[in-house]
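Subject: Structure handover

Hello,

Here is the structure for you to open. Please keep it on screen while you read the notes below.

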Amino acid sequence: LHYTTNREEIFIFSNKKMSYLCGVWRFANAYLNKVKRRLQMTQKLAVFFPGIGYHNDKPLLYYSQKLAKEFGFECIKVNYNGFASGIKSNKEKMKEALEIAYSQTEPLLAAVDWSKYSDIIFISKSIGTAVAAQYAEKHNLKCRNIYMTPLSETFLFKPKKGIAFHGTADDWADTEDIKDKCSQYDLKLYITPDANHSLETDNTIENIKIIQKTMEYIKNYIDN
């Protein structure tokens, strides 16, 4: 197609050569478009839904983000605010908090083109598990889920397939209720004895072990 002489590139554009060049260009362009489409179809997205006081920089969500990025996921972090105090054990305030969180989530995710992702994971914590389940149900999204310390309200929105984590000392959710609901919706439930709503105990070293074990479960799930 070209050759070099005296450091000058000389191109030959006879009719015959031009026809050949155009054919090569069309082939290359078609191939590049095919590669581009394939790359688009293999794009992966992880969306993080925090809790009321358990923000995206807290251990469970922070390290989950690290894992997601290791596996090539684009990450979007949802944030919300403006909650009243005294939400725990107050059904009306919990309902109001969920409405606030969801109303702030919709505009944050409005620009996301879900169709370009081949793998979507919602990673959520506490009230965020209810927000994630509600969003997936409303938008009919095909996504995988990691529900960390879900609430009874989470199951009002028919949570989609995934895994869940719960501590038996969680004073935001009843263990037997969470076990029954996870079984009903076919969610693999990992239970940590004596752990609270943050999946922590009074023992710092034990908490580090809990985080490590939880991240191992999450890593295996993300990698499936």
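**Helix α3 against helix α4**

M94, A97, L98, A101, Y102, T105, E106 and L109 in α3 touch I127, A130, V131, Q134, Y135 and K138 in α4. Contact here means heavy atoms within 4.5 Å. By class, this contact has ten nonpolar, two polar and two charged residues. Ala, Val, Leu, Ile, Met, Phe, Trp, Tyr, Cys and Pro count as nonpolar, Asp, Glu, Lys and Arg as charged, and the others, Gly among them, as polar.

A word on the source. This is a predicted model, where local features need pLDDT of at least 70, side-chain atom pairs count only at pLDDT 80 or more, and totals for chains, interfaces and linings use all residues. Residues are numbered from 1 along each chain as its sequence is written, and side-chain values use heavy atoms, with hydrogens and water left out.

How are two packed helices described? By the angle between their axes and the distance between the axes. Helix α3 covers residues 91–109 and helix α4 covers residues 127–138; they pack at about 55°, with axes 10 Å apart. That makes α3 oblique to α4 (under 35 degrees is roughly parallel, over 145 roughly antiparallel, 65 to 115 roughly perpendicular, and the rest oblique). Axes are lines fitted to C-alpha atoms, for helices over the stretch in contact, and angles run from 0 to 180 degrees between N-to-C directions. Helices (H or I, at least four residues) and strands (E, at least two) are DSSP runs, numbered from the N terminus.

**Helix α2 against helix α6**

Helix α2 (residues 59–70) and helix α6 (residues 204–223) cross at roughly 35°, and their axes come within 10 Å. From α2, P59, L60, Y63, S64, L67 and A68 take part; from α6, I211, T214, M215, I218, K219 and I222. These residues divide into nine nonpolar, two polar and one charged.

**Residue T149**

Where is T149? In the loop between β6 (144–148) and β7 (162–167). T149 is buried, with a relative accessible area of 0% (buried is under 20%, exposed over 50%, partly exposed in between, with a 1.4 Å probe and protein chains only). Not counting residues up to four places away in sequence, T149 touches K125, S126, F165, D170, H197 and L199.

**Residue L189**

L189 lies in strand β8 (residues 188–192). The C-alpha atoms of L189 and I163 are separated by 5.9 Å, though the two residues are 26 residues apart along the chain.

Best wishes
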